[in-house]
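Here is a short report on a ligand and the protein around it. Keep the structure in view as you read.

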Amino acid sequence: MITVLAGGVGAARLLRGMVRAVPADEVTAIVNTADDLILHGLSISPDLDTVTYTLAEAVNPETGWGLADETWQAMDALERLGGSTWFRLGDRDLGTHLHRTGRLADGAGLTEVTAEITRAFGIEARLLPMTEDRVATMVTLESGSEVGFQDYFVGLRHDVAISSVRFAGINEARPGSGVLEAIGSADTVVIAPSNPLVSIGPVVAVPGIGDALADRRDDVVAVSPIVAGSALKGPAERMLRELGHEPTVVGVARLYRDLASTLVVDTADAALTEAVEAEGMACMVTPTIMTTVDVATDLCRSILSAGLSAGSPEGPSR
Ligand code: FO1
């Protein structure tokens, strides 16, 4: 079994390859829920939905989130009523949030509801919320005011410098059902190329999850979301810099070295192999820009070869 720690778009792209590199029912994704929000009274889980829609080949290809071929009648109606429509919720996407909200109100847990939604979308991979407890990424702007993650990411288009990030509720959060087992029993654990601070960060900050990874660091493989000093999507590179980390694969290695033994970097960063190794991680160089599902599949096959051999005496393959 392969377990993948996942945020949003970058992780979804990797998982599309993973379910082709190994049988889909051998893949478990532990997904960030600190981006989740309640809006219009609806429980919205952006990273769970982005992974679900992508694996179902139903995601909006332009944005990487939401559903393709969406209509926006509900948003237009809300606009006419003077409601807030800054967070775009398509008509079919709303079906997901209505179902999730109703089932949670029935007392079902997010893990169970996620299984219902992935089943309905025909997905064989297992998606596990990192926790069923409320955790919310809060971002303090350089101005000193603190806003919720989606206010920063969507409302402010992450177009503003930040000074700190915290995960409200993280100390009381317990790993979701199946999460620790999925980490303990996996052949390889893969940290997907998601934002290390606000996508992977909350997952490994859930008490118990970080330790579970460190306990089996030898066959944990992380994929850098930073390529040649920039993020492929979203503000990861800027956030790393603003929070005092080096916005390169070396900075990523410093964040992951206690949890993973191998960092996978794109060929564009081949020259930084030694610098990554100096941080205490093996470094694997291979194409990581997943422009097609074939690239994603090849990347996953390379990762699995590295992950498995990392645990063996001869060490990771180059
Ligand atoms: N991202 C945006 O930039 N603008 C939006 O209006 C927006 C709406 C939205 C609705 C549902 C959903 O599942 C995701 C949505 N996202 C939107 C992406 C969201 O901000 C995610 O948190 C990011 O992809 C980061 O993980």
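## Ground rules

This is a predicted model, where local features need pLDDT of at least 70, side-chain atom pairs count only at pLDDT 80 or more, and totals for chains, interfaces and linings use all residues. Residues are numbered from 1 along each chain as its sequence is written, and side-chain values use heavy atoms, without hydrogens and water.

## Polar contacts

A polar contact is a pair of N or O atoms within 3.5 Å. A nitrogen atom of the ligand is 3.4 Å from an N or O atom in the Trp65 side chain. The side chain of Asp47 has an N or O atom 2.9 Å from a ligand oxygen. Arg88 uses its backbone: a polar atom there is 2.9 Å from an oxygen atom of the ligand. Taken alone, the ligand exposes 540 Å², and the protein buries 89% of that (Shrake-Rupley method, 1.4 Å probe).

## The shell

The ligand has 13 residues around it (a heavy atom within 4 Å). Asp35, Pro46, Asp47, Arg88 and Gln150 come nearest. By class, eight shell residues are nonpolar, one is polar and four are charged. Here Ala, Val, Leu, Ile, Met, Phe, Trp, Tyr, Cys and Pro count as nonpolar, Asp, Glu, Lys and Arg as charged, and the others, Gly among them, as polar.

## Helices and domains

Helices are DSSP runs (H or I, at least four residues), numbered from the N terminus. α2 (46-55) and α6 (149-155) each supply at least two shell residues. The largest share, four residues, comes from α6.

Domain 1 (1-132 + 174-318) and domain 2 (136-171) both give residues to the shell, so the ligand lies between them. The domain bounds come from an automatic or database assignment.

Terms used: A polar contact is a pair of N or O atoms within 3.5 Å; within protein, one must be able to donate a hydrogen and the other to accept it, and residues adjacent in sequence count only if both atoms are side-chain atoms.
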